[in-house]
Amino acid sequence: MNRRNFIRDTFGLAVLFLSGKEVLALPRMSKENDRSPRYGMGIYIKRCVGCGKCVEACKLENNVPKYPFFYRTWVERYTIYKDGEVEVETLDRSTKSPYSVEKREKQILRSFFVPKLCNQCDNPPCVQVCPVGATFKSPEGVILVDPDYCIGCRYCIQACPYGARYLHPEKRVADKCTFCYHRITKGLKPACVEVCPTHARVFGDLTKRSSPLVRFMRMNEIHVLKPGMNTEPKVFYANLDGEVR
Amino acid sequence: MEHLVEQLSSALQHITGFIYPNEIELHWSILIVVYPYITGLVAGAFILASLVKVFNVKDVAPTYRLSLLTALAFLLVAPLPLLAHLGHPARSIEIFLTPHLRTPM
């Protein structure tokens, strides 16, 4: 084999390999047809009482480490003082009771809770940056991580504008909210929606007019988090305050 | 894991204002910083060696052998901090076997 043939063959093989990968990847993308559901979540800010049951249920359901540094979903408390100062904190039942009343020096203008979770973006930055393609969008529009494939480089954790991902300290791979994929594919609701005592979370199919989520979107003024990031989130908030980041 | 949690708990004391709870852990930490430092050493040593042969600077001729060997030695260990930083270093080969072409990495 002379040099020219060697270069030609190597180049040909590389092109074949890459194009083969693209062709194989196509069916997975085109599966996202009109038949399959597109799941989303709606959150009534005004109904959330900050009890933290959703966080607890999520940790139990998905074996999330029980430390305040690893969350698939968490609840933030916003306190806006009369002088315009905004205080935000993450509620954690393992460290303090959500109902503890601290003495505040300043007068409070308003206060509310914001449950946060993965926004299951339609245009997900985390999927774009994965160097091996271990994180992907399922046909239902849920962003999942393949724990047997993820190399734990943490790029996706850096890329997420919502801080929804963390590195699982035992599995050493990126982990995130899956909308409880193992439950929703059986027709159940995600654990956080199931346990919410005030029905602050609504789960449903965005393509069906009869779904509770579509009703939620019809009846409320809805907003998404960080619309300027162009991530097209599928978690919608009703009556979201302008202070929420 | 216990060590990590202890570390993060002490870091939590120093946080003022608000930060997303998952972002308290600094994800690209010292090992990522060490990598460009080592590659910098490699480049520096290599340039020093090239001064002798390419640019004919005779003053640094005694360092020729040492600087080339330094460049080689550091070149061999340069990827190690990156590998050590991965959650699963053994799977790093997947980046080349099944590359995801749209990622900046």
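How much space lies in the second largest pocket? The volume is about 530 Å³, taken as the space filled by probe spheres set on grid points joined across faces, edges and corners. The model is predicted, so local features need pLDDT of at least 70 and side-chain atom pairs count only at pLDDT 80 or more, while totals for chains, interfaces and linings use all residues. Residues are numbered from 1 along each chain as its sequence is written, chains are lettered from A and ligands numbered from 1 in the order in which they are written, and side-chain values use heavy atoms, with hydrogens and water left out.

The second largest pocket is lined by 23 residues. A pocket here is an open set of points on a 1 Å grid over the protein atoms alone, where a 1.4 Å probe fits, with protein on both sides within 12 Å along at least five of seven lines; lining residues have an atom within 4 Å of a point. A:Val88, A:Glu89, A:Thr90, B:Leu12 and B:Gly17 lie nearest the pocket centre. S3 of chain A and helix H1 (2–13) of chain B each give two or more residues to the lining. S3(A) gives the largest share, six residues. Helices (H or I, at least four residues) and strands (E, at least two) are DSSP runs, numbered from the N terminus.

S3 also belongs to an open sheet of three strands, in the order S3-S2-S4 (chain A), with antiparallel pairing. Strands pair if DSSP finds at least two bridges between them. Strand S3 (86–91) and strand S4 (108–117) of chain A each have a single partner strand, so one side of each is left without a neighbour in the sheet. Strand S2 (residues 73–81) of chain A pairs with S4(A) over nine bridges. A:Thr73 stands opposite A:Leu117 in S4(A).

A second open sheet has four strands, in the order S9-S1-S11-S10 (chain A), and its pairing is mixed. Its edge strands are S9 (201–205) and S10 (222–223) of chain A. Strand S1 (residues 39–44) of chain A pairs with S9(A) in the antiparallel sense over five bridges. A:Ile43 has A:Arg201 in S9(A) as its bridge partner.

The two chains also meet. The contact (heavy atoms within 4.5 Å) takes 49 residues from chain A and 34 residues from chain B. The area buried between chain A and chain B is about 3,600 Å². Buried area is the accessible area (1.4 Å probe) that two parts lose on being put together, summed over both. Carbon and sulfur atoms give 60% of the area. A:Phe69, A:Ile151 and A:Arg154 supply 20% of what chain A buries against chain B, more than any other three residues.
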